[in-house]
Structures are given as C-alpha cells and as structure tokens.
Amino acid sequence: MDAQGSVVPEAIVILRNSQTGVAIPSQTDSSGIFEYPALPPGNYHIEISRPGFQKLVIDGLRMEVGSTVSKKFELMLGQVSQTVSVTSEAPTIETASVSVGQVINEKTVQEIPLNGRHFVDLGLLIPGTVTPPQNGFLTAPLRGQGSFAFNTAGNREDTTNFMVNGINLNDMSNNQITFQPSINTVSEFKVDNSTFRAEYGRNSGSIVNIATRSGTNQFHGEVFEYIRNNVLDARNLFNYVTTSLNPLNPQDQFRRNNFGASVGGPIVKNHTFFFLSYEGLRHRQGININTLVLSDAERASAQTTGNPTILKLLPLIPPANVNANATTTGIAAFVGSASAPVNLDQGTADISHTFSSNDQLHGYFAIQQDLRSEPTLQAEGQGNHPIPGFGDTRQSRRQIFTLGETHTFSTTVVNEARLGFNRIHILFTPNVLANPADFGINDGVTSPIGLPVIVITAFNMSMGGPQNFPQGRGDTTGVFSDTLSWLHGRHSFKFGGEYRRFYNDVTALDTGALRFADAAQFIMGNANRFQITQGNASDKIAVGAVGVFVQDTFQWKPGLTWELGFRYDWNMTPAEANNRVSVYLPASNSLVRVGTNGVNSMYYDNNKNFEPRVGFAWDPFGDGKTSVRAAYSILTDQPTTGLASALTGNPPFATPVLVNSKDNAITFSNAATFSAGSIAPVTVNPDFRNPYVQDWNFNVQRELPGGVALMVGYFGSKGTHLRIARNVNQPASPTPGATTSRVNAALSPTSPVDPGVKLTNITEADSSSNSSYNALWLTANKRLAHGFQFNASYTYSHSLDYNSLSNNTIVVQDSTNIQGSRGSSDFDARHRFVINWLYELPFHGNRIKDGWQLAAITQWQSGNPVNIVVPDGTFTGVANTVRPDLTGAITYPHTTDRWFDTSVFAFPSAGAPATHFGNLPRNAVDGPTFSNTDFTVQKTTAITESKHLQFRADMFDVFNHPNLGQPGRIAIAGPSPFGKITNTRFAGGDSGSSRQVQFALRLLF
C-alpha cells in the first residue's frame, strides 16, 4: 500500500533466498496482495518496485517450516532509482493462521541439551505435551533410538503424523515414526497440536513438520563426537552400592560414543546444492535389574521337590543377593544389570535444484541400520519384573525418500507435487533360543524358538520369552500428494489431495506364557494360566487411503482473517494378499474366513470421513501486537494395520489358546493337552469405525516490550469411536472360576471354521471408546535477541478416557460395561511446566572470552495415575484387569517401600480368585511427579574466519533428582511389590534417571 493506505496493484516483487541466491518473481494483484505459498525455510530478501514509487528492499525476512507470515509493506512516492531499505523482524504472534503450534528453530534444535540427541524429544517442549508415562508403548524411549511418539493435547500416542519435507514418515503397523533422522540434518521442527488446517489429515493428535538441511552457496559442514561414560555419572537410585552377596556392587555400565560428519554446498552456484551426512552410535549399557526372586530356602525346596522342569529352569534364575535368607515369599530380591548394546549407523543425502524461477526440485534420502539388544523391554511392557538373560535382539534397516517439485504457473497460481516412500525391515529374535521340549515343557512348541514366558504372580517375576517372538516384518509406505495454491483477491485458496499405500509383511511365532500364583505353586509346577498362539501367524497386509481438501484463507477485513476448510478421507479397509484372516461373527456365533461365506472384508469400509475446519484470527488493534483466535475442527485417524494382523492368528491358519485354572491344574507337562480342543480367537467388530476427534480452542496472544509473546488459551477436544479391546465372551454372570456361564461356550455347529470347538476368551477390537480433554495453556516465548531466547509454557489439564492405548490389550475390568472404566488417562498430568532457554554470554575481547553459551531445559509435571488391579484371570477370563474394593481414603506415605497405603484396598488372598467387580475407579491412585533439568555449557572458538571449534559439556538431570517409576499396581496379599517402587521412570541413561555427563567436540566449517 502507499502512504495514504491505498493498495498498489501491479507492483513487481522479487524474492531471493539469502543462502542460495535463488530468485522468484511475482506481482501484486488488483488488491495489492502478493503470495509465495511454497517456500522452504530460510532467510529471504524482498524487493518491491513500481513506477512512481521508491524501491522498497526488505532484508532478514525469516520463513519457518509449516508457517504463514503476513506482512504489510508501504511504498513511498518517488523514483524507482531511489531505494528504501528496512530490516524485517520476525513476528512473535500469529495473526495469519488459526492452527496452534510452535516452531523449534535450528539454533534450538542444534544447541539445547537433548538427552540422546533425538529430535522427537523436541515435542516435549511445546504446550499440551506430557513426559511419557512409564507404561507407554511408542512413547517409552528405546536405547539408542529414543521415543517413537508423544502424547499431546489429550491425544493417544499413535495419533501423531510425522512428515519429512511433506512426506509421511509413519509406519502404519503401530503408527510410529519409522526412525529419527539425525538431528544434525534437521533444519527446523514444527508441531501443530490443535485445529490444524484442512491440508493436513491422516491423524488427529498433531502434525510434526520436519524440514531437512540443504546446501547453500557456501560450503559448510561439521565433524563431531559426543562421549558419555558412567565414571562421570551419578548412580541410579536403585543401582545399590552394596548387596548381601556383593559388598561393593559395581555401577551399571554406560558407554556411549555418538560421532559423525556432514558437508553441504553448491554444485552449480545459485542453482544446484547438496548436503550429505553420516552419523554413528556405539552404545554399551547395563540395564538396572531390581526384581523379587526365590529365596535360598525356596531354591532348596525346589531342588528337594525334584520336578525335572524346575531343576532345569532353576540355574536360569539368579540367586537372591538381597535378603537371600528370607523365608517369606516376596522378600528375597536380585539386584544387578542386563547388557543392552546398540550399534547404529545412518546416512542422508539432500539435493535441491532450480531449473528456473518457475521450477524447483528437492530430493532427500536417508537410511539407517541398527542392531540392538532389549533384555527387559517386552516383560516390562507387560507389567512384569524381568530377570537378566532373556529378552530379544533386534536388527533393522529403515529408509525414507522424498521428492518435491514446485511449479509456478503465474504470480497467483503455484503447484506443489510430492512423492516418496518410507521402509522398515526388522527382525526380533529371542536371546535364548531354547527348545521347550528339552526342559520338559509341553506347550506345543517343539523347535528352538525360545522358552515360554513364566510369571510368578506373587512378586511379578518373569523369565523366558519374549511372548509373540520370534517375529519379523517388512513395511513399505508409498505417498503421492499435490497441492495447488491460488491467490484470488482477498482469498487464498488451496486445493489438493494425497494417496497413500501401505504394505505390511509379517512373520510371527509365539513362545507362549505360563502364569503361577506364587513361588510354592511354581516349585510344584502348577500353573493357573496358559496362553499361546500355535502355528505361524504370518500375513501380507495392504491398505490404501485417499484424502482431498479445499481451504480458503479469507482476509475479510483488515486485521480479520477467516480460515475455512473441508477435508474428506477414505481410509480403506485392509486386505490380506491371500485372505489369511478370519473373523468372529457374533450374530451367528461363527468363525469365518474373509473372502468366503459372504464376508468380503474384515470390517466396515470407512468412506464417509467428512472433516470441516473453521476459525478466525483477529488483530483488534491493527498493530500486529495482539491476536484473538478461535477455531473448531474434526480430525480423523487412520487405524493401524495391527488391527488386521492380529486376525491372521485365528484358525484355520493358527490356533490361539488361553485357558485359566482356578485350582492350578495346568502343569509344564500338560499345558498343550489341557488347552486342547479350545480356542481364544481375536476379532474386530464388523461395524468398526474410524476414530475421530472434535478439537476446539480460544486463545489470545499479546506481544510485550522486549519481544516477549504471551498466550493464554482454552483448549478442548472430544474423541469418538476410539479403539478399545473387549472380551466379548466374558462370562455372562461371572462367578469364581466359572467356565460354563460364558456367552458362548463353543462355536456354532454350523461355523464354517472349527464348528463346535470350545471357546474361551474372544478379544474384539471395537470402536466404542471415547475421550475428553480440557486444558488451560499459558505460554511465553522470546526470540533470540541480545543473545537470549526462551520458550516457556504451563499446562493445566485433565484427560479422561476408557483406555489409553490402541492395541489388543484388554484393560477394562468389565467388558460388558466399558463406561465403568472411565477415568483419568494413563498419560494424564494435571499440571505441567516446561522451559528451555539459551544465553550467549556477553564476554568479548579475545578467544578465551568469546563464544561462551549456556542453555537448559527444565520440566516439571504432576504424577501419572496408577490403575490398581488384582491378578486373577479366572473371574472374567482376563488377568490383571479386575479392580479391588476401596475401603477408605487413599493416603500417601511417599516412600519407595510404601508409595501409598495398601491397607485401604480389599482383595482376595494370594492365589484366590476374584469374586466380584471392585468399586475402586480406574486410575484412582497418583504416581510420582517428574522433575528434571538438563544443562549445557558451550564454548565456540574461532580458528579462522570460516572454521570454528566447539566444545560443550552437557549435564542431564543436573540436580541428580531420581524420578521414580510407578509403584507396584498388582494387589496381592502378603509381602509383594504392591505399592513399592523398584525403578526410576526411565532406565539409566535416559531422561531423569540420575545425573549424567556428556562431552562433545565439534569442528564447524
């Protein structure tokens, strides 16, 4: 516009990337508006000219990933030969979009202290996101690879859509990120976690946009190594200094070397650029083990009893080294460590090329290979305390490829086309490849694939397995998307669509599981539960999805922008290449192979997902310093293929078995015959619907002096048709140990598969769960100025649901009354505060004084809830789900030996079955809080003008605050882990476990 506020049409605009020199011309329309809808992140220079006006030159315009910048420029009367130069300041508040999110810039990505250097952990810095609960699946950090997801804004962990350069990076088996690209290759990182635009679909939780680093007109790169060693670290609280058998217990081993290099630059100046990187990791760690085991007296009793299987298993159980002389079950313990090595290598290649001002091409490829041992993960995920020597080894190769082409048809029409794929091939192999038959275990397995998981319920000790292994899978996702942007007056339209195709190839065997009530029953070899899937539950699953959208950003009035969008998603029903799946049909009490008897698909075809998006952003004072925003959206989730893969374990392809015995009649020698003639199929509700979330917010932003931006807002959501697992063959009127009162005692005599065969549990994946989330978010952000920046947020929230994970694990106590299990989400944290800051010290004068920098991240949140249950599986057919009675107010001594008062819970004696559903609500007990500060000191020294040497020291959990894990939740009478805490929230080496020190050296050029 001109000085009088009138629009200036037909002004010539030239935008130039400051790093690459690539120039893109444009022109203002009749409304004086111009738009660049498809710019890569970076710094830009703009020139605006028109006859009769002085040329306006704007420097330092910053474009961030996934963001929209709206600017007003004023042209002054004069000659074009006259130039007015200004420096653009990055906006601190959002006036151009209703999507709520946060950008983590490159300086923050590269220089704040990240434990493990995993970019997904950056998601924990934004409001609404919580530190992972200890029982998380995808959110639980894996050694060497970090977390594969996060919970944000009340959404489940599998509802995050990770995108690299606009291409999906999710593995549909579990809807997790396929792998984490090296943080050295990440340019910027943005998370939108409320009311995102219609161009984004597939998931309801959040959109994570990752922009990779590209080459520029200058050669640049680095060589680096980060080292860690346990001699520099504090002991984990549960890595005891002494034990009864070892007066000087060694500290758990931790050796970590993370090294690599990168280089980027021009191939053809101003046109073609490259960026290459390599990163390696050599990680050697001892995982702390703290589990109850057999006492010396119980070991002597086992040898006296003479059970041949027990005598062969006994050497695999470590002797107690804490209270070894105890005579009471549940007191003796073993404290030690299990080896968990990780080797990881990955490389990336990035190429960008400008054909002309109208065409730009960008390609990216990354590959990662890793080999790691997980000695405890599977057992811990099932709520058990593992002993060392078991677990599994995993070997994988992961890849991603993205290719994007941007074509400018005119100054008002631009098209972005993208295609790509991501792949993963991974093998899971038990560390103990024993043949159960050699141990006298008759569980139907006669080859050396591993021992069954053996659990002693009284103190939750587990050995053997892991269950459902050996396993392997190869997954490939292909994506094509296209977006057309059209500027038409005050309307900025986007039209587009996406097609995804996912292939999942799985091989799976099962070692099975045996459960014993207590040590006495184990010594005698009498179990009360046996579960196994006999046969090969392999599959070749394929599934497609189509999404289309239209979006209009309408500048209705100066300072008032409406966003109107509509999206349609067709998430197709998965199909197995050979129809190796069967489903249970309740109406006919039949098991039917898909593709026969009129059953043509696994479940309902979800082709009616309509998702409106609407909102406004209002600058009430017209000065760009205040923004009032409100929005509403409907967001649909694509179900994971795990929903379909589970069906390949049904007859006639495999035989799923689950039997309980109230009188402990299952033995090592009769497990297979005891369960013969019965099945426990897995199925999916024929009317299964896609989950969807209604998401809304109202927030106000204000820029304060000093460039600080504040936001206060209310954020809410309601999830509908969320996935939940139910036992649809739960006894109709449960009585202790009942087997005849099930809804269906056997399949119908006319069932196409296994007619008349006895039925036990039928685990059905249903879409009848829901959730709600209500929250207050407060944020304060300051961009880097005068050497200082920070991002801080406080969240007060409450998330409620029936269940919190989308898998086939049953958690409701009564499958006929899932509403009775409504309670706080597993990941609920009522209060959370997080701040990250970075300060360049103002010391100058020589190489010793120059280049000092401090940075830190502090997190604090209230405890996650704990679901107290009894171990019995004979009452409803499902163990660890029935809750006890509450007889008084819950109090909290808050010690590791007694986190809460266990005396107010009424439950059966050890080994006895439950007799009724307890009155204790789900997730009624509060677990420990989480508090952690990571701190770094960094010194950058100039060697030459273009070369710098950087030394840094990172201190994770700098105050050595032990963040406790969840207390034992299995209510068992007598001495047991019930109410006790035996580990930290995360294993040694991970966030908040104990103080750890890391040194790094980087050569930057």
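This is a predicted model: local features need pLDDT of at least 70, side-chain atom pairs count only at pLDDT 80 or more; totals for chains, interfaces and linings use all residues.

Student: Which strands pair with β40, and in what sense?

Tutor: Strands of a sheet pair through backbone hydrogen bonds, either parallel or antiparallel. Strands (E, at least two residues) are DSSP runs, numbered from the N terminus, and two of them pair if DSSP finds at least two bridges between them. Here β35 (residues 626-636) pairs with β40 in the antiparallel sense over eleven bridges, with Thr636 opposite Tyr692. Strand β41 (residues 708-727) is also antiparallel to β40, joined by 13 bridges; Trp696 has Gly716 of β41 as its bridge partner. β40 and β41 form a hairpin with three residues between them, and Gly706 in the turn has a positive phi of about 90°.

Student: Which side chains of β40 are buried?

Tutor: Buried means under 20% relative accessible area, exposed over 50%, and partly exposed in between (1.4 Å probe, protein chains only). In β40 (residues 692-704) the side chains alternate: Val693, Asp695, Asn697, Asn699, Gln701 and Glu703 point to one face and are buried.

Student: What is the strand order in the open sheet?

Tutor: The six strands run β19-β23-β22-β26-β28-β36, with mixed pairing. β19 (385-386) and β36 (654-660) are the edge strands, each pairing on one side only. Within this order, β22 (residues 453-456) and β26 (residues 513-516) run parallel, joined by four bridges, and Ile454 stands opposite Leu514.

Student: Why does Thr178 count as buried?

Tutor: Thr178 counts as buried because its relative accessibility is 0%. Thr178 lies in the loop between β10 (176-177) and β11 (186-194). Contact means heavy atoms within 4.5 Å; beyond four places in sequence, Thr178 is in contact with residues including Phe148, Leu169, Arg398 and Asn422.

Student: Which residues touch the most other members of the largest nonpolar core?

Tutor: A nonpolar core is a set of buried Ala, Val, Leu, Ile, Met, Phe, Trp, Tyr and Cys residues joined through side-chain atoms within 4.5 Å. Of the 42 residues in the largest one, Phe522 and Phe668 touch the most other members. A second, separate core of 30 residues includes Leu124, Ile126, Tyr364 and Ala366.

How values were computed. Residues are numbered from 1 along each chain as its sequence is written. Side-chain values use heavy atoms; hydrogens and water are left out.
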